[in-house]
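Look at the sequence and the 3D structure below. This report takes up a helix, a pocket and some residues in loops.

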Amino acid sequence: MSEQRQEPGPSAPRRVVVAGAGMAGVQTAVALREQGFTGTVTLIGAEPHQPYDRPPLSKAVLLGTAENSAFDVDFEALGVELRLGCEALGLRPGDHELDTEAGPVPYDVLVLATGAEPVRLPGAEGVAGVHLLRTLDDAERLKPVLARQHDVVVVGAGWIGAEFATAAREAGCAVTVVEAAGRPLAETLPAEVAAPMAAWYADAGVDLRTHARVERVEPGAVVLGDGTRLPAGAVVVGIGARPATAWLAGSGVALGAHGEVVADRHLATSVPDVHAVGDCASFPSGRYGERLLVHHWDNALQGPRTVAVNILGAATGRTPAVYDPVPYFWSEQFGRFVQYAGHHVDADRTVWRGDPAGPAWTVCWLRESRLVALLAVGRPRDLAQGRRLIEAGAAMDPELLADPARPLKSAAA
């Protein structure tokens with residue numbers, strides 16, 4: 001292993017600073033050490049807590065079955081300096097300095113991994129009883145709400161809204177979910193796929209109200225556009241997230257239409273010696289022929305490996321690694337395990353495997369006979385096989401694919 005270790009030299013970075021201590025930031029620090037970087041690694045996080053994983057917040061932490069979700073990483077043993085409760089405020093690439101609440105931090109290479117922040121409901125800020133669910137502190141504030149079995153109104157029927165509604169029902173709360181669109185997951189799934197998922201709410205005893213616009217939120221109530229008044233001991237807002245990049249204004253780092261850092265296929269930004277990874281960055285996908293902005297855990301896990309390779313490779317002249325993953329995420333809601341792999345567009349052909357009214361089914365998306373994406377409900381084997389077929393760019397036989405009794409891989413042409 002010793003010959004693979006990188007000793008800092010005149011052209012090698014001695015100081016890598018990572019802005020953001022979520023999954024993407026932590027994994028970047030870990031990957032640098034695993035790949036032999038021996039310089040200084042500083043991990044800067046805005047929250048005061050030991051770095052933690054976010055997915056358990058909407059389930060185990062919220063319901064009190066886990067006290068926290070801190071990463072099982074020995075930062076001291078890795079030689080990673082933690083600076084927590086220290087928010088990034090600005091970036092001066094010309095000076096190679098990151099401005100923080102505790103003062104400027106010099107770097108040779110900077111990795112932007114500040115993640116995303118929840119979109120707030122206009123007019124609801126400062127109203128008592130209104131909650132977001134993004135941070136550990138958010139989950140801690142919501143735990144007593146569930147323990148007291150309040151009437152809860154969830155604004156937004158996306159992934160986080162469904163997961164919170166699931167937890168709230170398990171805690172014994174009366175739950176109403178209001179969604180401005182005509183169906184759940186309207187921004188991510190076509191109507192024919194999302195339609196059967198709407199029935200899951202009623203099955204779980206959740207009142208789902210679609211085409212429901214929130215007029216205003218008052219202490220103890222949510223008022224809809226049609227005048228309906230919903231009692232609400234608590235309101236949980238889950239209407240999306242946006243990259244946490246406002247602090248980069250004026251830095252010269254190029255931002256995209258959604259405020260995300262525009263990274264190249266190597267996850268480098270528009271300014272020298274600055275990389276970006278995770279929820280805060282988009283990247284061009286050669287596989288799908290478009291730029292992707294992926295707000296999911298697996299992206300924050302996979303991207304740091306590419307960043308670490310390229311940071312070390314830049315000093316040795318190695319060809320930069322390309323980041324072009326098959327996106328993947330999962331969600332546990334209303335007693336169902338939902339998994340998605342790939343990326344689809346409206347023009348792609350859909351092929352169903354199984355009855356969507358049943359407990360387990362899969363929908364696949366084909367583009368010119370190639371499998372490009374699939375959503376699996378209670379069929380993890382379909383997901384595992386399909387993900388490999390997407391990575392391979394495999395052509396599929398649609399008739400064989402539609403037979404749920406056949407292994408999905410057997411439909412490869």
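The sections below go through these topics in turn.

## Helix 4

The model is a predicted one. Helix 4 covers residues 136-147, which makes 12 residues. At 1.5 Å a residue it should span 16 Å, and the 17 Å between its end C-alpha atoms agrees with that.

The buried residues of helix 4 are Leu136, Asp138, Ala139, Leu142, Val145 and Leu146. Viewed down the helix axis, the buried residues fall within an arc of 155°, so they line one face of helix 4. Among the elements that cover them are helix 2 (60-63) and helix 5 (159-170). Strand 9 (130-131), strand 10 (151-155) and strand 16 (234-237) are also part of this cover. After helix 4 comes Gln149, with a positive phi near 55°.

## The second largest pocket

The second largest pocket holds about 300 Å³ of space. Its lining is made up of 21 residues. Nearest the centre of the pocket lie Asp273, His275, Asn310, Ile311 and Ala314. Two elements, strand 19 (274-276) and helix 7 (297-314), each give two or more residues to this lining.

Helix 7 supplies the largest share of the lining, with 4 residues. By type, the lining has 10 nonpolar, 7 polar and 4 charged residues.

## Two loop residues with positive phi

Most residues other than glycine have a negative phi. Phe334 is not a glycine, yet its phi is positive, near 50°. Phe334 sits in the loop that joins strand 22 (328-333) to strand 23 (336-342). Is Phe334 buried or exposed? Its relative accessibility is 10%, and buried means under 20%, so Phe334 counts as buried.

Ser369 is another residue that is not a glycine and has a positive phi, here about 75°. Its loop runs between strand 25 (361-367) and strand 26 (370-377). The relative accessible area of Ser369 is 32%. Partly exposed is the range between the buried limit of 20% and the exposed limit of 50%, so Ser369 is partly exposed.

Note on methods: Residues are numbered from 1 along each chain as its sequence is written. This is a predicted model: local features need pLDDT of at least 70, side-chain atom pairs count only at pLDDT 80 or more; totals for chains, interfaces and linings use all residues. Side-chain values use heavy atoms; hydrogens and water are left out. The expected span of a helix is 1.5 Å times one less than its number of residues. Buried means under 20% relative accessible area, exposed over 50%, partly exposed in between (1.4 Å probe, protein chains only). The arc is that of the directions from the helix axis to the C-beta atoms. Contact means heavy atoms within 4.5 Å. On a 1 Å grid over the protein atoms alone, a cavity is a set of points where a 1.4 Å probe fits but cannot get out, and a pocket is an open set with protein on both sides within 12 Å along at least five of seven lines; lining residues have an atom within 4 Å of a point. Grid points are joined across faces, edges and corners, and a volume is the space filled by probe spheres set on the points. Ala, Val, Leu, Ile, Met, Phe, Trp, Tyr, Cys and Pro count as nonpolar, Asp, Glu, Lys and Arg as charged, and the others, Gly among them, as polar.
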